[in-house]
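Dear colleague,

Please find below the structure I promised to pass on to you.

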Amino acid sequence: MSRRNHTTDLGCIACDELTDLGAGKEGWLADNPNLLCALDTHSLALADRSAVLVIEWSDPDSPRVKIRPELSPIHGEFISAVEWLVFDEIRVIAVGTSRGHLLIYSLNGGLIHKQIIHTARILRLRVRGTKKDLTTDTCAEEVCAIMPGVIARFDGSDIQSMLYKWSQETNSKFWDEMERRKSGFSGSTFEQLPYQLWNVNKYGACADAAVTGIMPPPLMEVQSSQRYYRAIAIGEDAVISAFRLSEDRSRSIVGAILSKVVPVTFSTIASFSKMIWRSDQEPTQKSEVKPQSFARASPLTCLKDHPRKGEKLTLSPSGTLAAITDSLGRVLLLDTQALVVVRLWKGYRDASCLFMEMLVNNSLSSSSSHYEATKSDYCLCLAIHAPRKGIIEVWQMRTGPRLLAISCAKGSKMLQPTYRFGMSVSSPYVPLEVFLLNGDSGQISVINRYSQLKP
């Protein structure tokens, strides 16, 4: 009996440019903590501490693009996070740095936007969204920057508006404006994107965090148009902690008075000083914009289990489930709404997890090719990569059996395409897939969506 193959080869990223990232050495892809990966539908972005390499893996003859951000050598600034931002036909690269800067680049290496978020290292850029359908009555698309003890949230519509404006300027060939923006490479040169900022370090600095969705306001609180978000964080001091995030930045009556009076007083004094000490000299460059103040973050609960430490966090598409790996080789499945661990796997040290969707009905795989599978035909699963065992296991959520066990080469890495903004609910449903990148051969493949679960 022939051995069944559970993956399908799609392309290869092998090229000479990969040698600068350490390709050819054992474990160059999976064992290097400074090597970051971000996957789009047909492209891969690989970043080390100083540069980002963009490869079109579906077209081996396409030119490779290398982006070298202008980083501060004085502060030892380096690239600490990378992610794709995809809005319809617009595809750009978002880069986070160790100094808290958010940089957005076009695919030809041009700088589109630069903004400081907070004076801390950006650990991860998390892109996610939920569509308005029969199960959810709200639509939320966002980009979150995760820092030690800090969460920053950008609304997807604000980033989309900025990118569409940039695209129109580029297509209209407003070169003077583009050259002015490039020459003044300062955070104050670019229009600042609005965002919310929260401090979630009550239980220690977090290793990872995520905004899981919108939640109702607390009881006995005056109703307002402001939203409240639910967030979870993992780290060394608390394996899991949960917070209610408010858009309100006012902390007290005194703080509100100071926030209103002090800026006005300072502005009046500055204007009076200019009248007395009038100077014809204008500053050649604006000072960098300072990060904004924190909004209110109220702790909900936490799980402390010393010496266990939370290491990695993965969210389901709806945000209602989270897979958390810890330092004791366990994988915890958390219900983010009830804040209860509903499942536990043991013996998975150094594991990584990704959610995916599979067709568990075998009749669909052999049915007519004209049939278009809908969302209801898929079931949510969790892919667990155990590098020490050399396998990837796919488990059905929430309490289902193991559907697949796939052998993978040492040095392989699981990847998932980034969330695509603005997709219509009426468009053909695209299931959540998991890709496998082989660090030895450079081959990229996708895990098949058809399980072999017997009724």
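I begin with T7, which counts as buried because its relative accessibility is 14%, and the limit for a buried residue is under 20%. T7 is found in strand β1, residues 7-12. Leaving aside residues up to four places away in sequence, T7 touches I406, S445, V446, I447 and N448. Please bear in mind throughout that this is a predicted model.

The chain as a whole

The secondary structure of the protein chain comes to 4 helices and 29 strands. The chain has 455 residues, of which 47% are buried. Among contacts with a separation of 6 or more, 59% are between residues 24 or more positions apart.

L197 and A295 are 98 residues apart in sequence, yet their C-alpha atoms are 5.8 Å apart in space. L197 belongs to strand β13, residues 196-199, and with a relative accessibility of 1% it counts as buried. Not counting residues up to four places away in sequence, L197 touches I117, H118, M147, V150, I151, A152, Q292, S293, F294 and A295.

The largest nonpolar core

The largest nonpolar core has 30 residues, and the members that touch the most others are L85, I117, M147 and L163. At least two residues of this core come from each of the following: β6 (79-87), β7 (90-97), β8 (101-105), β10 (124-130), β11 (140-147), β12 (150-155) and α1 (156-171). Helix α1 gives the largest share, 4 residues.

L163 touches F87, I90, V92, I104 and I112, again not counting residues up to four places away in sequence.

Helix α1

The length of α1 agrees with what its residue count leads one to expect: at 1.5 Å a residue, its 16 residues should span 22 Å, and its end C-alpha atoms are 22 Å apart. Which residues of α1 are buried? They are G156, I159, M162, L163, W166, S167 and E169. Seen down the axis of α1, the buried residues fall within an arc of 160°, so they line one face of the helix. An α-helix has 3.6 residues a turn, so residues three or four places apart point the same way. On the other side of α1, Q168 and N171 are exposed.

Aromatic rings and charges

The structure holds 7 aromatic pairs. F87, Y419 and F421 are linked into a cluster by ring pairs. F87 is also one of the residues that L163 touches.

Two charged side chains sit over rings. The charged end of R49 lies over the ring of F78, 3.9 Å from the ring centre. For K389, the charged end lies over the ring of Y348, 4.3 Å from the ring centre.

Backbone features in loops

The peptide bond from H306 to P307 is cis, with omega near 10°. P307 lies in the loop between β17 (297-303) and β18 (310-315). The peptide bond from M397 to R398 is also cis, with omega near -5°, and R398 lies in the loop between β24 (391-396) and β25 (402-407).

Positive phi values occur at D88 and D350, neither of them a glycine. Phi of D88 is near 55°, and D88 lies in the loop between β6 and β7. With a relative accessible area of 42%, D88 is partly exposed. Phi of D350 is near 60°, and D350 lies in the loop between β21 (340-345) and β22 (352-359). D350 likewise counts as partly exposed, at 44% relative accessibility.

With kind regards

Note on methods. Residues are numbered from 1 along each chain as its sequence is written. This is a predicted model: local features need pLDDT of at least 70, side-chain atom pairs count only at pLDDT 80 or more; totals for chains, interfaces and linings use all residues. Side-chain values use heavy atoms; hydrogens and water are left out. Rings of Phe, Tyr and Trp (its six-membered ring) pair if their centres lie within 6.5 Å; planes under 30 degrees apart count as stacked, over 60 as edge-to-face and the rest as tilted. A charge sits over a ring if NZ of Lys or CZ of Arg is within 6 Å of the ring centre and within 35 degrees of the ring normal. A nonpolar core is a set of buried Ala, Val, Leu, Ile, Met, Phe, Trp, Tyr and Cys residues joined through side-chain atoms within 4.5 Å. Buried means under 20% relative accessible area, exposed over 50%, partly exposed in between (1.4 Å probe, protein chains only). Contact means heavy atoms within 4.5 Å. The expected span of a helix is 1.5 Å times one less than its number of residues. The arc is that of the directions from the helix axis to the C-beta atoms.
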